[in-house]
Amino acid sequence: MRIMSLDVGDRTVGVAVSDELLFTAQGVETIRRKSYKNDLGRIKELSRQFETTKYVVGLPKNMNGTVGERCEIVKVFAAKLKEDIPEAEIIFWDERLSTVAADRYLLEADISRAKRKKVIDKMAAVFILQGYLDSLR
């Protein structure tokens, strides 16, 4: 069984999946958001491809740990995912600073600004999922 993580934003959804042994997370793609129907359709395709029904969804809490408007938007997205895939197990994971960590990682790897912009959400999904996988041990 694999686990998929989602970094849900206004314009994109970063996607990562675990390996089958649940040790590591790999970036899959960045979905350009068009509509819930298209976004969820692509997630369903990836779910079939990677044979997963367990999703770790990044919850963008405020720095003081409170839940704000962004969290509610992510929860609505997750609820629509659950409607579309009733067997889905959804786990919310605190994603504070995941995008910052991903950006630093890409900067250290000397990735150009244009390329960073294309993969930052996918890398944030990797950081979210890897944090979750590490917590399982």
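Of the 137 residues of the protein chain, 41% count as buried, where buried means under 20% relative accessible area, exposed over 50% and partly exposed in between, with a 1.4 Å probe and protein chains only. The model is predicted: local features need pLDDT of at least 70 and side-chain atom pairs count only at pLDDT 80 or more, while totals for chains, interfaces and linings use all residues. Residues are numbered from 1 along each chain as its sequence is written, and side-chain values use heavy atoms, with hydrogens and water left out.

The protein chain contains 4 helices and 5 strands. Helices (H or I, at least four residues) and strands (E, at least two) are DSSP runs, numbered from the N terminus. Read from the N terminus, the order of elements is β-β-β-α-β-α-β-α-α. The accessible surface of the protein chain is about 7,700 Å², and 51% of this belongs to carbon and sulfur atoms; the areas come from the Shrake-Rupley method with a 1.4 Å probe, and for residues only the protein chains shown count as cover. Among contacts (heavy atoms within 4.5 Å) in the protein chain between residues at least 6 apart in sequence, 60% join residues at least 24 apart.

Two strands pair if DSSP finds at least two bridges between them. Strand 1 pairs with strand 4 in the parallel sense over 4 bridges, and Leu 6 stands opposite Val 57 of strand 4. With strand 2, strand 1 pairs in the antiparallel sense over 5 bridges; here Val 8 stands opposite Val 13. These two strands, 1 and 2, form a hairpin with 3 residues between them.

Next come the nonpolar cores. A nonpolar core is a set of buried Ala, Val, Leu, Ile, Met, Phe, Trp, Tyr and Cys residues joined through side-chain atoms within 4.5 Å. The largest has 20 residues, and Met 4, Leu 6, Ile 43 and Tyr 55 have the most contacts inside it. Two or more residues each are given to this core by strand 1 (3–8), strand 2 (12–18), helix 1 (36–50), strand 4 (54–59) and helix 2 (69–84). Leaving aside neighbours within four places in sequence, Ile 43 is in contact with Met 4, Leu 6, Ile 31, Tyr 55, Phe 77 and Leu 81. A second, separate core of 11 residues includes Ile 3, Ala 25, Val 126 and Ile 128.
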